[in-house]
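This report is an introduction for a reader who is new to the structure shown below. Please keep the sequence and the model in view while reading.

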Amino acid sequence: MDVGLGQNTTSNEIKVGVVIDLKTNFSRICLTSINMSLSDFYQTHPHYRTRLSLHVRDSMEDIVEASDAAYDLIKKEQVSAIIGPRSSMQAEFMIKLANKFHVPTISFSATSPLIRPINNPYFVRATIDDSFQAEAIASIVKSFGWRSVVAINVDNELGEGIMHSLSDALENVEVQRSVISPEASDDHILKELYKLKTEQTRVFVVNMVSSLGFRVLEKAREIGMMEEGYVWLLSNGMTHMMRHNGRSLETMQGLLGVRSHVSKSKELEDFLKRWKRKFKKENPVGDGTEHNVFGLWAYDSLTALAMAVEKTNTNTYLRTYGPHLIEALSGVEFKGLAGEFKLINRQLESSTFEIINVIGDEERIIGLWTPSSGLVNTKSNKTTSFLGKRFGPVIWPGNSTVVPKGWEIPTSGKKIKVGVPVNKGFLNFMEIKTDPISHVTSVKGYAIDIFEAALKDLPYSVSPQYGFEPPGDDYNDLVYQVCDGKWDAVVGDITITSNRSSYVDFTLPYTESGVSMIVPVRGNKNKNAWVFLKPWSLDLWVTTGCFFVFIGFVVWLFEHRVNTDFRGPPHHQIGTSVCFSFSTMVFAHREKVVSNLARFVVVLWCFVVFVLTQSYTASLTSFLTVQSLHPTATNVEDLIRSGESVGYQQGGFVKDILLGMNFSELQLKPYGSAEECDDLLSKGTSKGGIAAAFDEVPYLKDIVSQYCPKYAMVEPSFKTASFKPSFKTAGFGFAFPKNSPMTGDVSRAILKVTQSKEMSLIEYKWFNRLSLASDCPGPDTADLSSNRLTLSSFWGLFLIAGVASFLALLVFVSLFLYEHRHTLCSNSEGSMWRKLKSLFIIFDAKDIRSHTFKSSAVHNGSSPNTPCISSPSNVQIRPLPRSMSLNTREFELKRACFATSEEIFRTQPKHDKHAESDIEFGAER
């Protein structure tokens, strides 16, 4: 279908394609507007050198047909631009063709935010992006204080596009989503609405094509969802199409909606009159269809295109014409019928939105929303809140003037039959009471509180109707009744096992899993003879002792050549070194150290010893003064070996586990409640009781919470998965029929509950009400060795001391070898073995050149009566007579020779059986 308007033989003809659904009223409205725009534009601009020639193609309401029509226009007609299509889904495919062939595509009705002009260089959105209205919708929701909304969207790009923006705008407001297929039947719509009706949320935001959206509203009215308490908020596209096809507003009473604001003008009024006459003439069989904003955007789109074509050089090739045209189109600005036409990133900028309320046959404007000011009062032009000074009385569904609270507890919510085991044992988990007067039976307990907390967290309402069933020997029969259809669910202390899971579906566990044991604990003051060894672990004792010996050796190594305190016979030197090292423990060492390296090591070691002694003192004090709790039994193997009796809960599967662990039948004794278990444990095996009780962890925690500090769990929990498959357990859960849709929902709700503060309150209510949890001994508090200091607490100190000592040794050896390098390098010494032997002799001898011996030598040789005779390199020593006074009772230096040079100084040592040198000052021997 080709349409040529405003043709002039002297003007350049520019072909423009129009892809639109010709069989729909919507498209006929827009096509009439496009033709009128073309005619009006060239009537007011007769001097323009370009004329648009329209080539219309029918997309037949199909995505493929729309793409085929666009391809035909581009390849056969060689159009320079395309206007259309109607829907976002059709536009998505057409835009790909436009980008490939560089043909600008202008859409006045594709509003999905998923199609972004910034990502498509040849796409222009001459309409309002759906994401712009998200802030307006959010402002309305927040103004009324609604905390939860349900977004009812069509299952395509149109519905999906707004969700991200709406969720971001509605921060701190829960947004649920309901999706309806574009081809949904009435039955499908009713099914989805019934589901929404059972939920608590009563605020619905509808965003879909008008034909489907108003079908949803009609069905909602049929099932009573247009009554008092409900809120329906329509998106921009639906609000503008309320009167489309002569639709009556009778079914939309009390609805709210947002729609883009169109300012009234003389030009607009004149256009609407002319359009009505023309449309009626072209469509004589009318149905009361009225013009809408999309027709205005279509009118303005063609006007903008005609202005851009006039600015573009028509002499360029078709391949390069597209980029110039899209550039000219981006810069077009004018006042159109729908408002200011100004493109930002090739799409219309966000505009003002009207908030309307359907009252009778009127769409009453109750407020405005602007991007800069938010909600404003149309009369005072001031920012306001619907909760404060409203714009006027709002009529809600059901002709109510009371603001809906946004949620309700549905009276028609889903009711489920819940089986509850009649348990006479552990009442904290499940307790059933019957009122003696009213004879009404009620149930409460830890399991019930968690189940009901999870139901409250579901997105829909569920009303449990409890029924009571004796569990028999175990809970298997009760679980099987769910499979038989007697119960919709079973709630209680139901253990999740692999065998039961083959018949029912379990939720996530709400308790810990596994089986453990509890034993009595006895108090004991640590008064045995070896208690002083307990503050430290064995590895710490051994490491400390080794370091004492090592430090003594290092100090001797540095001191024995320069310090007379560390010389003497070998056994004397060993004793001195060890005594010096260990005496640092009480800082009672009397030997002086003269070597700087030895001083460095000793200072560091004294710091380590100080930390160790202080820690030891504190730990020993704790062991001697604090009461420690000892378990009467330490592990399962000891119980089996000693033949002690153990207990298990009657009716549970733990008995089979104990028999599988080689307990004899005679060792096993059942109990039915926490009180019976306490009685058996108090008696002990010698009085017909038990030495330990085995059960699932939740039951044991219940017992410990009631009778602490009498008992403690001392055996690490072992998972029953280590046994044969029929004994596998994963904690307590709630049972539902196979493939029940509630299983996943309740599991997610349990996860939320267990991670919230509500879980702590429930646990405290049922398990810590008799005593504080800190008063009850556990596996950690019952272990005496847990307070010991270990090597891991001090390895840093030992590392510092060890590294420092090693570095000092390295420095000492380096200096020694450097000082006596002539011995190693001399050729007169013979073989390497002889050189090493000479070095060892030097290392064992005194270092006479040390300042400690030099000062001593000067002091002893300063007397004028002491002759110094030059002689060969030997020194003779003669003891003085006993009759001499104490201050002269020293060895007399008979002969000595001191050379002026260090290299000339030589000694001829004379060794005795102790290998001590004759060259010594004073009475060294």
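## Cysteines

Cys546 is partly exposed, with a relative accessible area of 49%, where buried means under 20%, exposed over 50% and partly exposed in between, using a 1.4 Å probe and protein chains only. Cys579 is likewise partly exposed, at 45% relative accessibility. With a disulfide taken as a pair of cysteine sulfur atoms within 2.5 Å, the count comes to zero.

## Basis of the model

The model is predicted, so local features need pLDDT of at least 70 and side-chain atom pairs count only at pLDDT 80 or more, while totals for chains, interfaces and linings use all residues. Residues are numbered from 1 along each chain as its sequence is written, and side-chain values use heavy atoms, with hydrogens and water left out.

## Overall make-up

The protein has 27 helices and 32 strands, which are DSSP runs (H or I of at least four residues for helices, E of at least two for strands) numbered from the N terminus. Buried residues make up 50% of its 925 residues.

## Helix α24

Helix α24, residues 795-819, has 25 residues and reaches 36 Å from its first C-alpha to its last, close to the expected 36 Å at 1.5 Å a residue, the expected span being 1.5 Å times one less than the number of residues. Among its buried residues are Leu797, Phe798, Ala801 and Phe816.
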